[in-house]
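Open the model in your viewer and keep the sequence panel beside it. Each stop below gives a selection and then what is there.

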Amino acid sequence: MAVGINAWIEDELAGWHFADERLGRRLSTLLDQMAGAMGDSIPLACQDWASTKAAYRFFANDRVSEAEILAGHFDSTRQRVAATSGPILVIQDTTEFSFQREHPEKIGQTCRVNSGQDQDGRFHMHTVCGLLMHASLVVTTEGLPLGLGAVKFWTRTKFKGTAALKRKINPTRMPIEQKESVRWLENLRWTTERFGDPDRCIHVGDRESDIYELFCLAQEMGTHFLVRTCVDRLALGVPRQIAAR
């Protein structure tokens with residue numbers, strides 16, 4: 001019987017849904033190797049060339065997607081939620097992963113940052129290569145982490161023309177489905193449906209989550225939210241606006 005880290009990984013991935021069970025075993029092996037080499041590169045974690053090649057083949061396999069990799073963990077999170085009682089907090093936020101690549105177009109872009117001034121005092125902008133991840137971390141009201149309930153990955157392909165577009169189109173008139181902010185709604189929907197007990201869930205977000213469509217979706221699904229407002233809002237039964245903080 002497996003013990004230690006490997007035993008925990010086997011339990012955590014028990015709900016995976018790979019078409020080929022060998023892919024599930026490979027994922028388990030990879031996680032075991034990486035758990036012992038946190039922060040190291042894949043070659044260092046895998047130790048030898050054969051294991052490294054196997055890892056790269058796994059990630060390059062067309063039958064492997066992020067949904068399949070995470071399916072086991074999501075199922076384990078659902079089981080831990082079911083084993084607890086009382087309200088659960090579903091905390092959403094976005095993280096950027098930056099990379100240095102010779103061909104950044106193969107990965108994508110996250111943002112443009114100021115790289116400083118040259119000798120003539122002109123500012124230079126630098127495009128950051130990488131991915132973005134919007135995750136929903138599930139914790140109890142006592143602060144005990146239960147796992148991730150939903151994850152969305154994406155990248156940006158260009159920024160040119162964005163400012164000009166905003167001058168022509170009022171962002172508030174664009175459907176939420178055409179905005180990156182739809183990620184807040186998607187994660188709320190996915191976690192609420194996954195846990196099957198919407199009244200227990202309190203979805204928590206920062207000022208970016210102050211989205212009217214999010215409030216409507218939460219009401220529609222019978223779940224709850226706690227957000228930090230970024231604009232003044234009218235509330236039912238309140239004779240004045242609720243000021244943003």
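This is a predicted model: local features need pLDDT of at least 70, side-chain atom pairs count only at pLDDT 80 or more; totals for chains, interfaces and linings use all residues.

Select M221 first. Setting aside residues up to four places away in sequence, M221 touches L188, R189, T192, E193 and P198; contact means heavy atoms within 4.5 Å. M221 is found in helix α8. Its relative accessible area is 16%, so M221 is buried; buried means under 20% relative accessible area, exposed over 50%, and partly exposed in between, with a 1.4 Å probe and protein chains only.

Residues are numbered from 1 along each chain as its sequence is written, and side-chain values use heavy atoms, with hydrogens and water left out.

Now zoom out and switch to cartoon. The protein has eight helices and six strands. These are DSSP runs numbered from the N terminus: helices are H or I with at least four residues, strands are E with at least two. Along the sequence the pattern reads α-α-α-α-α-β-β-β-β-α-α-β-α-β. Of the 245 residues, 32% count as buried. Among contacts with a separation of 6 or more, 55% are between residues 24 or more positions apart.

F215 lies in helix α8 (residues 212-221) and F225 in strand β6 (residues 224-227), so the pair ties together parts that are 10 residues apart in sequence. F215 is buried at 17% relative accessibility; F225 is partly exposed at 35%. The rule takes rings of Phe, Tyr and Trp (its six-membered ring) with centres within 6.5 Å; planes under 30 degrees apart count as stacked, over 60 as edge-to-face and the rest as tilted.

How many aromatic pairs does this rule give? The count is four. Another of them is F58 with F59, edge-to-face at 5.4 Å centre to centre and 75° between the planes. F58 is buried at 3% relative accessibility, whereas F59 is partly exposed at 43%.

Next, show charged side chains. The count comes to eight salt bridges, each a side-chain nitrogen of Lys or Arg within 4 Å of a carboxyl oxygen of Asp or Glu. Select R80 and E12. Their closest N and O atoms are 2.8 Å apart. R80 lies in helix α5 (residues 66-82) and E12 in helix α1 (residues 4-12), so this bridge ties together parts that are 68 residues apart in sequence. R80 is partly exposed at 28%; E12 is buried at 6%.

Stay on helix α5 for R78 and D75. Their side chains meet in a salt bridge of 2.7 Å, N to O. The two are three residues apart in helix α5, so about one helical turn separates them.

Move to R183 and E208, bridged at 2.9 Å, N to O. This pair links distant parts of the chain: R183 is in helix α7 (residues 182-195) and E208 in the loop between β5 (201-205) and α8, 25 residues apart. R183 is buried at 6%, while E208 is partly exposed at 45%. Then select D20, R22 and R63, which salt bridges with shared partners join into one network.

T140 is in strand β3 and is buried at 9%. Leaving aside neighbours within four places in sequence, T140 is in contact with T84, L89 and L146. L131 also lies in strand β3 (residues 123-140), and is partly exposed at 32%.

Last, select Q47. Q47 sits in the loop between α3 (42-46) and α4 (49-60). Its phi is positive, about 75°, although Q47 is not a glycine. Most residues other than glycine have a negative phi. Q47 is exposed, with a relative accessible area of 68%.
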